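Below is a set of questions and answers on a two-chain model. The sequence and structure come first.

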Protein chains: 2
Amino acid sequence: MSKPFEVRRARDVARWSNEADVVVVGLGCAGASAALEAGSAGADVVVVERGSAGGGTSAMSGGVIYLGGGTPIQKQCGFDDTPEEMFKYLMASCGQHRDEVKIRAFSEDSVAHYHWLVAQGVPFKPVFYPHYSGEPPTDDGLVFSGSENAYPYKDIARPAARGHVPQIPGKAGGLLMEKLIASLERTSARILTDMRCETLVVGEDGAVAGVVLKHFGEETTVRARKGVILTAGGFILNRDMVAVHAPDLARCQFLVGSDGDDGAGILMGMGAGGLAINMSMGSISLPIIPPKKVQFGVMINAQGQRFVNEDSYYGRLGEYVMYRQEGRAWLVLDEKCFERPEVPREIVAVGESTAEIESALKLPAGSFAATVELYNRHAERGEDPLFHKSREWLAPLEPPFAALDCCVDTSFYASFTLGGLRTTIDGEVMTPEGGIVPGLYAAGRTSAGLAAPGYSSGISLGDGSYFGRRAGRRAAR
Amino acid sequence: MSKPFEVRRARDVARWSNEADVVVVGLGCAGASAALEAGSAGADVVVVERGSAGGGTSAMSGGVIYLGGGTPIQKQCGFDDTPEEMFKYLMASCGQHRDEVKIRAFSEDSVAHYHWLVAQGVPFKPVFYPHYSGEPPTDDGLVFSGSENAYPYKDIARPAARGHVPQIPGKAGGLLMEKLIASLERTSARILTDMRCETLVVGEDGAVAGVVLKHFGEETTVRARKGVILTAGGFILNRDMVAVHAPDLARCQFLVGSDGDDGAGILMGMGAGGLAINMSMGSISLPIIPPKKVQFGVMINAQGQRFVNEDSYYGRLGEYVMYRQEGRAWLVLDEKCFERPEVPREIVAVGESTAEIESALKLPAGSFAATVELYNRHAERGEDPLFHKSREWLAPLEPPFAALDCCVDTSFYASFTLGGLRTTIDGEVMTPEGGIVPGLYAAGRTSAGLAAPGYSSGISLGDGSYFGRRAGRRAAR
């Protein structure tokens with residue numbers, strides 16, 4: 001079995017098969033961005049990709065890229081955004097482990113980053129898609145992809161849609177990667193496919209000097225004169241790593257990843273002396289919309305209590321159920337707001353009264369009744385002082401009721417890892433003591449992301465492409 | 001500054017100052033246990049301790065040791081415990097990241113481990129102290145030190161008191177360490193004090209070969225023929241490491257640690273190729289008892305809702321407030337159950353009605369009223385179907401009310417880290433790929449503990465001493 005953590009000593013490499021200034025490991029969104037930018041900075045670049053073609057998990061994704069601060073698309077769609085508002089939203093939503101310095105740079109440079117993506121050929125249609133979701137079924141270019149419009153964020157930062165989606169109906173991630181790879185192919189970068197990176201080569205001084213590769217069973221090497229950039233995905237598909245670091249995530253039905261998300265990039269970085277952080281954290285999605293009208297319902301826990309504003313983004317809903325409610329919750333609707341969600345959810349209770357719902361869901365007697373009574377009393381006045389759901393989704397609930405299953409172990413949840421190598425703002429891999437591993441860089445899900453936890457869709461492609469570029473520039477120096 | 005992560009290469013050690021079969025780094029509970037057992041197995045042992053005397057954080061602690069399965073003390077106090085019941089409780093309470101194999105061994109060997117402690121001279125008085133707490137003010141030998149008597153654990157495993165406390169009024173941790181060190185001094189082990197371990201020495205084969213020490217500014221070395229055991233504490237007093245790995249813990253007023261808890265042991269292990277896990281986790285204590293009568297009250301969140309059974313152990317209460325309630329909670333009492341807790345807590349609201357409490361605590365109108373109404377309706381029948389508080393603490397609450405501050409940022413919380421090096425059941429330090437770092441062992445808070453999260457008092461001294469012994473035995477092989 002491959003042991004990416006066990007680095008190869010440079011003195012044990014008899015002869016390098018190949019060499020370059022910068023070697024990029026993995027051709028997803030972060031890798032393509034890193035390679036493009038390293039090339040622009042004058043570096044001779046080699047990209048190694050384990051698949052027969054690039055794209056990775058980025059290509060399989062919905063293609064939403066978190067951008068803002070006043071992009072042309074935002075302006076044309078009527079959103080008044082600034083870097084400061086974007087910064088405030090991300091600081092508030094990205095959880096206790098957020099990285100302020102990175103969030104600042106990501107927000108301030110976001111408009112420029114948008115223009116860079118467009119310059120690579122990525123098209124965005126200046127039309128807002130109002131039914132927020134990770135993947136609009138249309139070719140519209142802008143969606144809400146977080147909790148910007150929901151309490152408490154709407155009071156902290158002026159809400160703006162920031163999910164930018166390449167112009168194609170359906171899987172925009174594929175188009176994004178097609179364009180980035182096409183742009184890369186116009187450069188002098190060499191793309192070596194079917195090349196699995198086995199491990200890093202480290203010199204006597206501790207600096208990363210190159211990579212060991214396997215190409216159809218045959219070992220080969222590439223020397224990196226300036227640096228190696230690890231953009232090889234996360235570890236959601238490495239069962240052992242998930243069991244050790246993030247066992248909660250394995251409970252989700254849908255693990256979002258491709259073959260590359262086996263943790264090898266993170267293990268290689270650790271083997272060279274890098275620190276991995278936020279390893280227990282992941283994006284945990286509980287999609288209940290579309291249709292948006294189900295947000296008129298109440299989400300309750302096993303005590304019959306509400307615990308979150310139901311108009312929160314599904315990344316927030318999933319985290320709340322998983323971590324705060326032991327993984328158990330139901331969305332209770334009445335006739336006004338009942339509609340089958342697009343992601344199927346089983347109806348696990350129907351009742352002509354609150355008592356029938358309590359009985360069907362085995363809730364404590366009177367608990368759901370008390371919740372509805374208090375909720376309705378405030379909803380009649382258009383208020384939700386407990387969780388501050390937006391007025392537009394507030395109306396008293398009347399029997400009959402139906403409850404949709406939102407439990408982690410029995411209904412649809414999606415997850416991927418957010419932990420990875422700790423990096424500086426320029427992608428340099430850091431040691432446990434806050435130093436730098438010379439010659440080693442990381443971006444995308446091989447690195448610890450902006451959000452941990454507190455995920456809004458598009459942050460992964462957003463931070464992957466942006467910090468991938470920064471890593472490329474720094475490595476090319 | 002010292003850089004424990006940067007290991008010394010064996011070829012750079014010109015001459016070893018000293019040598020031994022087994023070198024133990026740190027003379028707390030885990031270190032003393034490791035040294036004693038390595039010596040018993042025939043090894044020539046050196047213990048290096050940074051302080052002028054041993055003891056470490058163990059000596060400062062309340063001295064509660066989690067033991068069970070039917071110890072003589074448990075039997076004499078009338079508790080019918082078995083290894084299986086202890087195993088079931090720990091599996092249920094130690095959280096999602098628990099280590100089943102270790103919990104099994106810890107439970108099955110617990111009676112034998114008790115006898116070993118007694119054989120080292122540690123005295124336990126066979127008297128049960130009924131007011132459970134980490135530190136009985138008496139010299140009684142047994143306390144409840146977890147949530148054994150509380151839902152859901154009481155239905156999962158037959159409740160038994162398992163907090164074993166050395167016989168001395170007050171700080172029993174001091175007595176524990178006095179006895180263990182005295183026992184160690186009767187062996188041939190050499191104890192070198194005022195010796196700060198700077199880093200590990202690693203051979204060409206990756207095996208740990210010894211340690212680099214500083215003794216009043218002068219560097220010295222000890223070669224370890226068989227192995228080095230890291231028992232150097234956790235990292236709660238390393239501000240940078242806490243900020244990176246476990247920022248929530250820094251919010252607690254009282255950080256439980258001594259100088260040694262600076263993370264150096266963990267960093268050394270990582271530098272030699274070890275994996276640190278559960279690094280975001282810690283024990284988070286919210287002491288509300290004694291007196292126990294305050295458990296008649298209700299703990300509420302910022303929505304005026306209950307969220308936990310109030311008779312849970314304070315390690316559980318603290319975690320629930322920190323992670324599930326954004327760090328905000330209050331304990332509301334009525335005249336029947338009002339008494340000042342031993343750990344002072346500010347009275348932040350008093351009121352003649354639920355509405356006055358809502359107003360004073362800025363809770364949503366009607367929210368606390370609804371909580372009390374539902375609580376009282378069930379409490380009248382001796383029931384708590386929401387959170388299953390024990391019948392003995394259930395009675396309807398009547399105005400006037402008083403609310404005690406239990407918020408993380410404004411009231412007393414205590415914390416220490418539970419993350420550390422991943423080890424096998426015999427203390428061998430593991431790599432990120434599940435292999436072993438040859439010659440390196442860890443125990444106590446330098447290693448990842450049994451509980452993560454889900455802490456019951458006594459687990460730290462319990463797993464430190466037990467797995468310290470196993471590491472000593474294995475290293476001496």
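Q: Where in chain A is A:Pro291 found?
A: The model is predicted, so local features need pLDDT of at least 70 and side-chain atom pairs count only at pLDDT 80 or more, while totals for chains, interfaces and linings use all residues. Residues are numbered from 1 along each chain as its sequence is written, chains are lettered from A and ligands numbered from 1 in the order in which they are written, and side-chain values use heavy atoms, with hydrogens and water left out. Helices (H or I, at least four residues) and strands (E, at least two) are DSSP runs, numbered from the N terminus. On that numbering, A:Pro291 is in the loop between strand E13 (282–285) and strand E14 (298–300) of chain A.

Q: What is the omega of the cis peptide bond that joins A:Pro290 and A:Pro291?
A: In chain B, the bond from B:Pro290 to B:Pro291 is cis with omega near 5 degrees, and B:Pro291 lies in the loop between strand E13 (282–285) and strand E14 (298–300) of that chain. For the cis bond of A:Pro290 and A:Pro291, omega is about 5 degrees.

Q: What area is buried between chain A and chain B?
A: Contact (heavy atoms within 4.5 Å) involves 45 residues of chain A and 45 residues of chain B. Buried area is the accessible area (1.4 Å probe) that two parts lose on being put together, summed over both. Carbon and sulfur atoms give 56% of the area buried here, which is about 3,600 Å².

Q: Which residue of chain B meets A:Arg324 in a salt bridge?
A: A salt bridge is a side-chain nitrogen of Lys or Arg within 4 Å of a carboxyl oxygen of Asp or Glu. Between chain A and chain B the count is 4. At 2.9 Å, N to O, the side chain of A:Arg324 meets that of B:Glu326.

Q: Which element gives the most to the side of chain A that touches chain B?
A: The elements of chain A that give two or more residues to this side are helix H9 (239–245), helix H10 (264–271), helix H11 (314–324) and helix H13 (367–379). With 5 residues, the one that gives the most is H13(A).

Q: What relates the two copies?
A: Copies are superposed by least squares on the C-alpha atoms of residues with pLDDT of at least 70 in both. A rotation of 180 degrees with 0.0 Å of shift along its axis superposes chain A on chain B, at RMSD 0.0 Å. The copies are therefore related as by a two-fold rotation axis.

Q: Which parts of chain A does the salt bridge of A:Glu219 with A:Arg8 tie together?
A: The closest N and O atoms of A:Glu219 and A:Arg8 are 3.0 Å apart.
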